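Here's a quick tour of some helix and sheet packing. Take a look at the model first, then read on.

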Amino acid sequence: MINKRLMALVPESKRYIYLNVLYQWVALIANIALMYALSILFVALYHGVNHSYFVALLVLEAIGAGIIRYFCTCFSSSMSHLSSQTVKKKLRSMIFEKLVRIGVGYDEVIASSEIVQTGVEGVDQLETYFGAYVPQFYYAVLAPVTLFIYMLQIDWVSAVVLLLSVPLIPVSIILVQKWAKKLLSKYWGQYVEMGDSFLENLQGMTDLKIYQADEYRNKVMNEQAEAFRKVTMRVLIMQLNSVSIMDLVAYAGSAVGMIVAVAGVAQGRVQLSGAIIVMLLSAEFFLPMRRLGSYFHVAMNGMAAADRIFAFLDIEEPRDGHIDSLMDYDIGFEHVSFSYDGSREVLHDVSLHIPEKGMVAIVGKSGSGKSTIAKIIAGERREYEGIISVSGEDMRKIKRSLLSESVCYVPSNAYIFKGTVRDNLMEKDDASLWEALEKVNLAGFFKGKEGLETQIMERGSNLSGGQRQRLAMARSLLKDAKVYVLDEATGNIDVESEETIMSVVKDLAKTRGIVLITHRLANAVDAERIYVMDNGNLVEEGLHGELMAKDGTYAKIFQRQKELEDYGKEAIA
């Protein structure tokens, strides 16, 4: 009923939970005092007692007890909020930190939509678990025992009957627990699957329209929504049925307690005031446990979400190194092989060298392994075979944080955030921001608008493809890394933007190491070393002139691309 790992994960919340229980218990004591005053007052009025002083005292006692109960209820609600707030903050921080430790390749172990749903909806479900269910669990045990001890002094028979009836409610909860756990696990599975499908369809909407596949994906989503509707209705049916059972037990138990108390009056075993107190408080035996039952189903949903949170937190993380400083950033690959799935190699026995200054180009056809090399250099992949050294040190022994600081990875589809130009650049002084924009030929464009406060739409949709890539390049310049890995950073952009970026890259190569991953060989002509990849193998290396003289793979691809470009120019002319 209580998830020990979840409780141990957020020890800060225990203080608020215990205070919550304490305030509820004090409110119960105040309620007992209130019921006592009301019962004595009722009996006094019934017997015609007309002592205004005595009646006034009872009224004041009732009012005082009511006020205490009110404030305790308010404090209890406040503790619920604080405990759940602490949990949500802690868990979301843990999820984010886990993502950071896994790195940018997290989507290969868990879907982005599941992360979003787990971190938002899943954590929100735990709000009820910590804020209501856990405190109620302890209070539901404490309240009947407190009432039992008090009622023993009034009528031990009624007290025993009521106490023995209370466990029937948790028994009914336990009976549905196993079924509820399986059902809620299925509910969350289908919820995540539908969210994943929705996000994927939303991101690929343009392609779906172009290829007229939107109708089919709409049909699939409707089927998923219908399956989710059915499992949701099953959850609701389960909840309503179990609530009905708990209500039946609670009201029947209260009725039995009342009947026994009334019978006690008829037998002369119980005074009238005592019977009235039993009648007024009999429901209090069952209400805490009944309320626990109502929270139980929401708590089970929270625990199902917690299972997914723990599954994510338990994902094996890449091992981090211990080296936190390097003299330089000279990189060497020695007989490196790599496979994503452990069976098919995408890199085979690759050896190459990347100096700390100058431009190295890695070229080849699509699927030849170029981008995999880029990810390995950026530290995203460490499951390779062979040796990769950085400044003479094994890359696996270098801290990921140092790799992240030292290497700047610029992909062809760098993400542009919604917000201002300033928001999309690093936190530097305005002069540095404008200098970076000037280098990529964007300063004039933004000065003609609202400067650094120019609004950028989601994914930079109000910029051209070339402008987006140049903005990403400006952002990378501000990082001032040791090595820049440009993975098709000039792909699918206009000629002007390509020339601008290549000009920046060549200038940067004078002081930094540049790894240029490109399918367009014209950009690799000035590289100090060119490595040619083919189907995961390093087939050629050398300067542009040397490779052209060999008339091998590089020369054939270069000539073919040149012919196509010349043909395109002739067609335009």
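## Helix faces and packing

The buried residues of helix H5 (156–165) are Ser158, Ala159, Leu162 and Ser165, where buried means under 20% relative accessible area and exposed over 50%, with a 1.4 Å probe and protein chains only. They span an arc of only 135 degrees around the axis, going by the directions from the helix axis to the C-beta atoms, so they sit on the same side of H5. Trp156 and Leu164, on the other side of H5, are exposed.

This is a predicted model, with local features needing pLDDT of at least 70 and side-chain atom pairs pLDDT 80 or more, while totals for chains, interfaces and linings use all residues. Numbering starts from 1 along each chain as its sequence is written, and side-chain values use heavy atoms, without hydrogens or water.

Next, the H2 and H4 pair. Their axes, lines fitted to C-alpha atoms over the stretch in contact, come within 9 Å and cross at roughly 35 degrees. The crossing is right-handed. The contact residues divide into 16 nonpolar, six polar and no charged.

Then there's an open antiparallel sheet, ordered S2-S1-S4-S5, where two strands pair if DSSP finds at least two bridges between them. S2 and S5 are the edges, each with a single partner strand, so one side of each lacks a neighbour in the sheet. S1 and S2 pair over six bridges, and Ser339 has Glu345 in S2 as its bridge partner.

| Element | Residues |
|---|---|
| H2 | 12–46 |
| H4 | 112–151 |
| S1 | 331–339 |
| S2 | 345–354 |

Key. Helix = DSSP H or I, 4+ residues; strand = E, 2+ residues; numbered from the N terminus. Axes fitted to C-alpha atoms, helices over the stretch in contact; angles between N-to-C directions. Left-handed = near helix turned anticlockwise from the far one by under 90°. Nonpolar A, V, L, I, M, F, W, Y, C, P; charged D, E, K, R; others polar.
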